[in-house]
Amino acid sequence: MNANLFSRLFDGLADPAKLAIETEDGGRISYGDLIARAGRIANVLLARGVKIGDRVAAQTEKSVEALVLYLATVRMGAVYLPLNTAYTLNELDYFLTDAEPSLLVCDPARRDGLAAIAAKVGATVETLGADGQGSLTDAAATASPGFETVARAGDDLAAILYTSGTTGRSKGAMLSHDNLASNSLTLVKHWRFTDQDVLIHALPIYHTHGLFVASNVTLFARASMIFLPKFDAERIIALMSRATVLMGVPTFYTRLLQSPLLTRQTTGPMRLFISGSAPLLADTHREWAARTGHAVLERYGMTETNMNTSNPYDGVRLPGSVGPALPGVDARVVDAERGVELPRGEIGMIEVKGPNVFKGYWRMPEKTNAEFRHDGYFITGDLGKIDDNGYVYILGRGKDLVITGGFNVYPKEVESEIDALPGVVESAVIGVPHADLGEGVTAVVVRDKGASVDEAGVLNALQCQLAKFKMPKRVIFVDDLPRNTMGKVQKNLLRETYAGLYAK
Ligand code: AMP
């Protein structure tokens, strides 16, 4: 059997006329069209000299053609390397020098700026704009749609995705055909996807969430997706009348909740709301359930591992928990220093093992070695615990742990208490250099509009809830927490901003 992800996705296609993708401008792309378009682009890649195992880097706006480029790259046995559209030329220099792609596809407006970097690594440049037009699609228009999918082994690489790299250099996570196929097939079953599903796809496609979870799961199920260029609350609510599933980051849900149009009635036709990539506040979960009657299904994954855990389809979707490990995935919590598994309920490092876990970091064998245990578990870098029913709770990244006066403070424990206070929207707890304590626990808090809660009020309320060493030394109020495009709070930026807070 050809283990190429493209073959696994499409070889058994029964109905080429089945709708795969709809676009906002009325475009309707069937499965048959999608395969033919991927054939044309694969022929263009071949003509440009791309060989099996070569990297095809793409910094392109979201479009059907950009998704087709991903499928075509995988189909011809090359390795797809999507790049965040926000990256600057300076950042792209690092990624392209590291990955040495043989082809780079970029927005027409970036072509000149990228020419020198592409020349340095010997990459050919093609263009593809947000409207799906460019030299790549011009060439595809006259290329043949027929293409024999290249045979690949399960362990061969299908994609490299760079991690967001909030500390140190960003690393290229190498994902195999098996990694991607196995995880998507597990999710299709777990989330009960069928060919009747219609997904509202409003995520970017340079990240694992929008590219692999949303797109691959839809395509494996022969479902269809409505491709939106970006998040738009009113548009999404309007589409709910004829869609069945939404996948989003937590900020999608908080923003949708701000719309008076979000009601039991408007969400009625939908069967599933999925959240991931950052923690969904338990409050948001409850508010969503109260307003719509739907329990958001929260799952947990990362670039390196695809999805690891998910709340159940049937059964309890616990607010604040990311659910049990997915079928075929093993998750454990260990004492980070000794690497010894901890009893249920104790907090430590979350480690995972399974067919979903990546092949290592591109050209960083030492980094790869350091992140895997001898028994094959990957050290996620996330701190958490697993309860008696196997539900996993995430307490934050290991690097965000605050060590104050020799005690460990897990930010999430303090954040949950602060978030529960009246007048508080959300909070981020960070460690800031402190002469006596090493780090001082510091809370950065967003208030409800017009709420009068102040520093003394927060500290007073926390006093009976938290041990003294966990108490924030300072509470700072801000309008918004800094977030990246996937909705993750950028604690590194907060630590920089408040670095001098306790300086004498
Ligand atoms: P990325 O590689 O960009 O997908 O980021 C992965 C990281 O996002 C994980 O290691 C977690 O720290 C975080 N993450 C993903 N999903 C969740 C979730 N449901 N709850 C809390 N954190 C999450």
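Tutor: In this predicted model, strand E13 gives the most to the shell around the ligand, contributing five residues. Two elements, strand E13 (297-302) and strand E19 (392-397), each give two or more residues to that shell. In total, 16 residues surround the ligand, and the closest are Glu-298, Arg-299, Thr-303, Asp-382 and Lys-488.

For Thr-303, a polar side-chain atom lies 2.6 Å from a ligand oxygen. Asp-382 likewise places a polar side-chain atom 2.6 Å from an oxygen atom of the ligand. For Arg-397, the distance from a polar side-chain atom to a ligand oxygen is 2.9 Å. The ligand taken alone exposes 500 Å², of which the protein buries 92%.

Strand E13 belongs to an open sheet of eight strands with mixed pairing, in the order E2-E1-E10-E9-E11-E12-E13-E14. Strand E2 (28-30) and strand E14 (306-310) stand at the edges of this sheet; each has a single partner strand, so one side of each is left without a neighbour in the sheet. On average, neighbouring strands here are turned by 25° against each other, with direction ignored.

Within this sheet, strand E12 (residues 272-275) is joined to E13 by two bridges, and the two strands run parallel. Ile-274 has Leu-297 in E13 as its bridge partner. Helix H10 (residues 250-257) packs on the sheet, where it touches strand E11 (245-248) and E12. The direction of H10 makes about 115° with that of E11. Another helix, H2 (residues 31-47), lies across strand E1 (19-23) and E2, and runs at about 80° to E2.

Strand E19 belongs to an open sheet of five strands, ordered E16-E15-E17-E18-E19, with antiparallel pairing. Its edge strands are strand E16 (340-341) and E19, each of which pairs on one side only. Elsewhere in this sheet, strand E15 (residues 330-335) and strand E17 (residues 348-353) pair in the antiparallel sense over five bridges. Asp-330 stands opposite Lys-353 in E17.

Taken together, the shell draws on E13 and E19, where E13 has its place between E12 and E14 in the eight-strand order, and E19 is an edge strand of the five-strand sheet.

Definitions and conventions
Residues numbered from 1 in each chain as written. Predicted model: local features only at pLDDT ≥ 70, side-chain atom pairs only at ≥ 80, totals over all residues. Heavy atoms only, no water. Near = heavy atom within 4 Å. Polar contact = N/O pair within 3.5 Å; in protein donor to acceptor, adjacent residues only side chain to side chain. Areas by Shrake-Rupley, 256 points an atom, 1.4 Å probe, with all protein chains shown as cover. Helix = DSSP H or I, 4+ residues; strand = E, 2+ residues; numbered from the N terminus. Pairing = 2+ DSSP bridges. Axes fitted to C-alpha atoms, helices over the stretch in contact; angles between N-to-C directions. Contact = heavy atoms within 4.5 Å.
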